[in-house]
Protein chains: 2
Amino acid sequence: MTVADLSERELVARIQRRLAPAPDWLLVGIGDDAAVVEPARNRVEVLTVDVIVEGVHFDRAFVPPEAIGHRALAVNLSDLAAMGAAPRLALLSMALPPALSVADFDAVADGVAALAARHRLHVVGGNLTRSPGPLMIDMTVAGTVKRRQALTRSGARPGDDLYVSGSIGGAAAGLAMLRQRPRPATVEDSERAQEECRLDRDLTSVSSASAAVERYLRPEPRVLLGVHLGRNRAASACMDLSDGLADGAHGIAEASDVGIAIDAAALPIDPDARAWFDARGQDAIVEALTAGDDYELLFTVRPRTRRRLLEAARRGGVPLTRIGRCTADRAVVLQRPRDGSIDVSPLPQGFTHFARLKGSRSV
Amino acid sequence: MTVADLSERELVARIQRRLAPAPDWLLVGIGDDAAVVEPARNRVEVLTVDVIVEGVHFDRAFVPPEAIGHRALAVNLSDLAAMGAAPRLALLSMALPPALSVADFDAVADGVAALAARHRLHVVGGNLTRSPGPLMIDMTVAGTVKRRQALTRSGARPGDDLYVSGSIGGAAAGLAMLRQRPRPATVEDSERAQEECRLDRDLTSVSSASAAVERYLRPEPRVLLGVHLGRNRAASACMDLSDGLADGAHGIAEASDVGIAIDAAALPIDPDARAWFDARGQDAIVEALTAGDDYELLFTVRPRTRRRLLEAARRGGVPLTRIGRCTADRAVVLQRPRDGSIDVSPLPQGFTHFARLKGSRSV
């Protein structure tokens, strides 16, 4: 059975029954021309939109549909986290190829709903339409934060330390691992591969997949960390790593009008990723710096307020690593130990050219 | 030159320079991970999302790019209007085929920006991504309304009168007219046709196009009417006609738990549309009832508060027509005069089946 066999109303109902009961601030929910919500008191609103497109951001041959739903929301939650905002609501806009199976549709909705429930976010409305091409999931997410606690990219100053959460490079290595698996050659093979994906998922831990594959398939937005970094103003600037650490460092440097020097030896490169890149003769540092999809937070901290970081480090749910510092000149550089001295080179650029763009770009 | 020749940053800058200066409630705008806005005081927030997809909602062979941008925003403003809300902000998410010309990209942005400026709506953020298939424009729009002035579909009662704004059927006839024009057979023909579209647009009044074509190409959301219908609670229920009047009548009837009887003779069918359908031996009433894309408002009014309608009628900027009434039974019927008596038949259903869906459906 495909989505073309059901009415829109039935499809909407399948989404609705996966959602938590409506919160009391939702005055008019799914089913009218638009949603009506009561604003949160004494908070400003943080709004972001991101789309994931089949063939650009994911490949249905090896990304199970539940992971597609998870990703569609996770990439947006990561943007909220970078602003220090707590998630509140989302609108879910899906363009569906008519051949999409109802089982896969349900699984996409499951992926959205499960992550939404974990972050106490409510889907207040959305849109369903037919796609003549790829499956696309566009989500707009709104969160709230106290006005003085909102984090931006522009608050860094020379002398601030640069930190990153978690590890980098894992998702890129995971994607490379998935891409290297034998690709299905026929429709039947493809269906079998998708069935295997579903079986994998049912086994709780995806036996054949490493932690890196899991990092790619189900990125964990650093929402709790972002909220705590904002709450006591531990961070002076913050952004997320959807387009990689190099892109993030350039982004903070430009917005804050500072330089940044990154210590290559300090980078928390995912061990699986390092092994994967090393085995292929690739420079793990450059690969990890330019890899996207990590969805970690990159942030700066004033040395004199470093103690505030303790609270965020304790309650953010993810390790933090100091990887460099902000400088007064405008150069964004990578410092690598080499032959007993320090080799300083410009930090690679992230993906900036639209045609080569792997992912998408927030406006 | 195509969008693939530019960096995302350049594309974003091309959008930004078309926008009005940022309003003071916009604390963080385009360029960070997310937008930060100060909520409007003493208002609830109205949120809606709608996408338009090439090959589903528009055909680039005969819809000029500026009209595509106009439509992407108009369909959302129409949803806000149906809730009685004043537009405030939008997020613009575009999936761009790499072959899209920069001139067309600019024109799409022009179409969005021009309509946004007329309704004092500010684009606070968005997303750009590559599309491996169709051009898609997904917009999320937020408006504000006083809590007691929000209109829903569910407030109609038996005895209420049913009204529609403007006229119906015009956009469907306009689309049929456009479709009947000779289609370009080659890429060169297509480029010439698009060039002609651009020339047409430059001539202010599109000489070869009738008013019906204009109705299809540049629907006018009834924002002012919606706001006035809400402001003095002139309407007891309201929805917009994105999927046609028949669909709207069923929608209000179901949400309000009433029946509806529509007087066929009273329907304000667009004269061009009537002539077009008559000339082809089609039933103009059925065609106009089931036609989409009109973006008029369908609303109900309590007879005892009918005087409140005067203000909305005077200031709403569009004629209003009483076309029927709400009934205590649950039947939704069409009353047609025939041979001196009244023929009563079930109102046609709108498009409800996903596979046959012409447009998209708000969740």
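Which residues of helix H4 (residues 170–180) of chain B are buried? In this predicted model, they are B:Gly170, B:Ala171, B:Ala173, B:Gly174, B:Leu175, B:Met177 and B:Leu178. Part of their cover comes from chain B itself, including helix H6 (211–217) and helix H9 (271–279).

Now for the sheet. Chain B has an open sheet of 7 strands with mixed pairing, and the strands line up in the order S8-S10-S7-S11-S9-S12-S13. Strand S8 (237–240) and strand S13 (341–346) of chain B sit at the edges with a single partner strand each, so one side of each has no neighbour in the sheet. From one strand to the next, the twist averages 25°. Within the sheet, strand S7 (residues 161–165) and strand S10 (residues 297–301) of chain B run antiparallel and are joined by 4 bridges; B:Val164 stands opposite B:Leu298 of S10(B).

Two helices of chain B pack on this sheet. Helix H7 (residues 223–231) touches S7, S8, S10 and strand S11 (320–327) of chain B, and its direction makes about 20° with that of S10(B). Helix H8 (residues 245–256) touches S7, S8, strand S9 (259–263), S10, S11 and strand S12 (332–338) of chain B, with its direction at about 145° to that of S8(B).

As for the two chains, chain A is superposed on chain B by a rotation of 180° with 0.0 Å of shift along the axis (RMSD 0.0 Å). The two copies are therefore related as by a two-fold rotation axis. In chain A, A:Gly133 has the C-alpha nearest that axis, 2.8 Å away. Both copies use the same surface, with 100% of the contact residues of chain A recurring in chain B.

Notes. Residues numbered from 1 in each chain as written. Chains lettered and ligands numbered in written order. Predicted model: local features only at pLDDT ≥ 70, side-chain atom pairs only at ≥ 80, totals over all residues. Heavy atoms only, no water. Buried < 20%, exposed > 50% of the residue type's maximum accessible area, 1.4 Å probe, protein only. Contact = heavy atoms within 4.5 Å. Pairing = 2+ DSSP bridges. Axes fitted to C-alpha atoms, helices over the stretch in contact; angles between N-to-C directions. Least-squares fit on C-alpha atoms with pLDDT ≥ 70 in both.
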